[in-house]
Amino acid sequence: MEIRERNGFVARKDNRGRNLRTGESQRKDGLYMYRYKDERTGRRLAVYSPDLAELRKKEKEIEKDQSEGIMTDTQCKNMTLNDLFEIHMDTRKLAESTQANYRRMWNSLVRNELGQMKVVQVRPSHVRLFYSRLSKQKYSHSTIKFLHNMILPSFEVAVDDDIIRKNPAKRTLGDYGEPEKKRTALSFEQQKNLLNYVKNSEVFHIYLSLLQVMIGTGLRCGELIGLTWNDVDLKTRTVYVNHQLIYKNYGDGCDFHVTMPKTEAGIREIPMSKMVAKAFETQRRLNFQMGIPRDVKIEGLSNFVFMSRSGRPMMPTTVNFILQDIVKAYNEEENERAKRERRKPEELPHISAHILRHTACTRMAETDLDMKVVQYVMGHANISVTMEVYNHITDRSRIEKEIAKMDLVQIM
């Protein structure tokens, strides 16, 4: 490489005789190099290109990054979305169960795809394409939204640290994914048919107390199966909710784990109705009559209210399987009755533990309870969640009842 004197300055040239700028050089193999100092870290760095024009494009990008305070350190440039996710998780205060659920979803759907991309290379189109692929694989909108709520703040870590200028995940969620199946509450008639059937069933009558407690308290499934008799005070008619049971794999195989409720609002004291108090009394007698052991311990908790015959708490899937079996048996019998009576059958819809929680919220609201009270009993952190549950209007009798109120205020 030639060095010539010109007006007192030393000018370096490449092998084609072109002047090289400060920091630029050309190696013996023809590769161009630009060396500079990262203003944020103080490190000496370099970029390379086989073409001088391309090298100078990189120089302009570096100068722009430096002027705007964007980090140009190679280590930062090599960070992947997976790296950002780990930082994001380490800086958030999350319940162990919540963090385990986030990591499970990330590892399953993000880590080996979008997660492997270098942060500085990700564009909004990459994120949208990722969501589109999930949508084509029939994942629901709620699942994609759940992932988006991890991806967006992970990129925000890079924006805050001046690694990238803009968050590429912003405004990318759209309406990707399968529409959510609405989980609506049982109508009053459906609820009555369900409870009457269980009460008179030779097979399912042992679950009547369970259903009455679910509908009468609105407990989440994890809160329900985690109830011990220490949490139930029949003298003051109060249910104390301060923990829940989840069945998860934390790396040691699937097992029960005791966790706090989802939010601080989940810690509450629920007064019992007469139906709920009677249901607890019935359940206590039933446990005694069946000779179910009470000494099984789960992380220090024992003497559970709702148990399998072994004394272990009911699994969440067990509760839902019981409900499915009840609905299946009811609908089979209802169809036979309808044939004999030459009428249209009044079948029960699909019922899950979550639908019974919706039903509990709806029944409380229909009795004109203060919605702030309903929010407290349900353990909702925000009243908008309470209103959203109740506002699924499917029961015609409820609509007719409300419209009838207009007669009281209409003059003509």
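Predicted model: local features only at pLDDT ≥ 70, side-chain atom pairs only at ≥ 80, totals over all residues.
Local features are described where pLDDT is at least 70 and side-chain atom pairs where it is 80 or more, while totals for chains, interfaces and linings use all residues. Residues are numbered from 1 along each chain as its sequence is written, and side-chain values use heavy atoms, with hydrogens and water left out.

**Overall make-up**

The protein has 15 helices and 11 strands; these are DSSP runs numbered from the N terminus, with helices (H or I) of at least four residues and strands (E) of at least two. Of its 412 residues, 42% are buried, a word used for under 20% relative accessible area, with exposed meaning over 50% and partly exposed in between (1.4 Å probe, protein chains only). Among contacts (heavy atoms within 4.5 Å) with a separation of 6 or more, 57% join residues 24 or more positions apart.

Helix 4 buries Ser97, Tyr102, Met105, Trp106 and Leu109. Its buried residues pack against helix 3, helix 5, helix 6, strand 9 (244–249) and strand 10 (254–259). The buried residues of helix 6 include Ile144, Leu147, Met150, Ile151 and Phe155, and the buried set packs against helix 3 (81–90), helix 4 (96–109) and helix 5 (124–136). Just after helix 6, Asp162 takes a positive phi of about 60 degrees.

Leaving out residues up to four places away in sequence, Thr143 touches Met105 and Leu109, both of which are among the buried residues of helix 4. The side chains of Thr143 and Ser140 are joined by a polar contact of 3.0 Å. Such a contact is a pair of N or O atoms within 3.5 Å; within protein, one must be able to donate a hydrogen and the other to accept it, and residues adjacent in sequence count only if both atoms are side-chain atoms.

Next comes an open sheet of 3 strands in the order 7-8-11, with antiparallel pairing. Strand 7 (232–233) and strand 11 (268–271) stand at the edges with a single partner strand each, so one side of each has no neighbour in the sheet. Strands pair if DSSP finds at least two bridges between them; strand 7 and strand 8 (residues 238–241) are joined by 2. Val232 has Val239 of strand 8 as its bridge partner.

**Around Arg220**

Arg220 sits in the loop between helix 8 (208–217) and helix 9 (221–225). It counts as buried because its relative accessibility is 14%. Beyond its neighbours within four places in sequence, Arg220 is in contact with residues including Lys262, Arg268, Arg357 and Gly379. The backbone oxygen of Gly379 lies 3.1 Å from a polar atom of the Arg220 side chain. Arg220 and Leu356 are 136 residues apart in sequence, yet 9.3 Å apart in space, C-alpha to C-alpha.
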